[in-house]
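This report describes a single protein chain, starting with confidence and moving on to its helices. Please view the structure below before reading on.

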Amino acid sequence: MKSKTTAILLCFFLGILGIHRFYLGYTKIGIIQFLTGGGFVIWAIVDFLRLFTGSLGPEGSVWKEEAEKAAQEAAEKAAKEAEKAAKAAEEDEKRKEERDKKMEWEREINDKIANVSAKELLESTSMLNVTKEIKKKEEADGNLSIEQRTYLERVVREKIEEEEQRLRSDKEFQDAVTAEDFEAAKERKIALGKEIVAEELRKKGRKCRDLERLFCTWCMFPDHCMEFVEGEAGDYIWEYRNKDGSKDKRAKDNYQSAGYRSEWLCKECGAKTTVQHDMNKHPSKDVKAWKVTLNTNGSGERFAEDWVNDGVFFADKNKAHHKGDN
Ligand SMILES: [Zn+2]
């Protein structure tokens with residue numbers, strides 16, 4: 001393959017002998033140029049310029065430089081595509097694994113719910129037993145995603161509705177609800193209705209927890225069921241220190257921030273909850289929480305647990321911070 005650089009050098013030094021034309025494969029023109037002194041020099045100069053502009057190339061082939069470049073580009077493109085394909089395959093595998101896991105999990109829930117009898121279901125606690133069992137599983141296998149929880153709640157609710165529907169048309173049940181059983185049956189129904197509402201609220205509470213917002217650490221009800229009692233900002237800390245170790249606003253973009261601790265009363269169960277909020281330039285009860293703990297017990301059974309954000313960054317006010325550490 002012919003090199004453009006070689007051709008240009010040949011044309012520059014030996015152009016009046018037509019050597020570049022011989023090199024490029026134009027033998028006939030080469031001989032004419034050789035005999036006419038590069039076409040009275042002018043032809044050699046024109047060839048020299050044409051080599052630069054690209055209008056003169058090797059006879060019947062391409063430049064070596066261009067061929068090499070094209071080959072390299074093709075190789076790079078192939079490598080990129082192979083990498084992309086490998087990545088896509090890996091993602092596919094991951095998606096499949098997740099799907100399998102989800103399906104297995106859903107099967108487990110469906111089995112569990114299928115084993116709850118209609119009678120148990122009408123006793124309002126049975127639904128909670130199911131959710132409790134799932135919760136135990138959650139503790140063993142790690143947290144459930146919002147989707148998984150939503151699925152669980154939907155399946156439980158569907159089952160209850162289905163059973164209620166069935167009981168409404170069940171003659172045995174109708175007969176059982178005689179005058180003396182009527183009050184008890186009504187009460188059970190009311191309790192069940194209350195539990196459905198409560199479960200709805202707990203669902204919202206779990207969402208609050210996922211969004212790092214406040215929830216009742218006793219009954220798991222969401223933030224709007226809570227009443228603010230009191231709160232207090234912690235110590236203010238400079239974000240960066242100066243080179244000499246001192247801390248003030250001479251360091252670029254420096255600012256002070258502080259955490260916030262707040263106390264809340266649950267309007268539903270009467271429990272008190274303490275919330276630790278993230279460091280912020282404007283610390284307040286509205287800043288995201290990193291820790292939510294039970295302070296005083298509420299009434300009834302406890303559904304929620306204390307919560308702490310594992311990924312939280314603790315600021316040490318005695319140590320210097322990131323910038324200017326050298
Ligand atoms: Zn509560």
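## Confidence

pLDDT is the predictor's confidence in each residue, from 0 to 100. The model is predicted; the protein chain averages a pLDDT of 81, and 77% of the residues score at least 70.

Over residues 322-326, pLDDT stays under 50. The model has 9 contacts beyond four places in sequence for residues 322-326. Where pLDDT is low, the predicted coordinates should not be read in detail.

## Helix α1

Helix α1 spans residues 4-14, and its buried residues are Ala7, Leu10 and Cys11. They lie on the same side of α1 because they cover an arc of only 95° around the axis. Thr5, Phe12 and Phe13, on the other side of α1, are exposed. The cover over the buried residues of α1 includes α2 (19-24) and α4 (42-53).

## Cys11

Cys11, in helix α1, has 26 other C-beta atoms within 10 Å and is therefore buried, the cut-off being 20 or more. Not counting residues up to four places away in sequence, Cys11 touches His20, Ala44, Asp47, Phe48 and Leu51. Cys11 and Gly38 are 27 residues apart in sequence, with a C-alpha to C-alpha separation of 9.6 Å in space.

## Helix α3

Helix α3 covers residues 27-40, 14 residues in total. From its first C-alpha to its last, α3 reaches 18 Å, close to the 20 Å expected at 1.5 Å a residue. A kink of about 85° in α3 is centred on Phe34. Just after α3, Val41 has a positive phi of about 70°.

How values were computed. Residues numbered from 1 in each chain as written. Predicted model: local features only at pLDDT ≥ 70, side-chain atom pairs only at ≥ 80, totals over all residues. Helix = DSSP H or I, 4+ residues; strand = E, 2+ residues; numbered from the N terminus. Expected span 1.5 Å × (residues − 1). Bend = angle between axes of the 7 residues up to and from the residue. Contact = placed C-beta atoms within 7 Å. Buried ≥ 20, exposed ≤ 12 C-beta atoms within 10 Å, placed from the backbone. Arc of directions from axis to C-beta.
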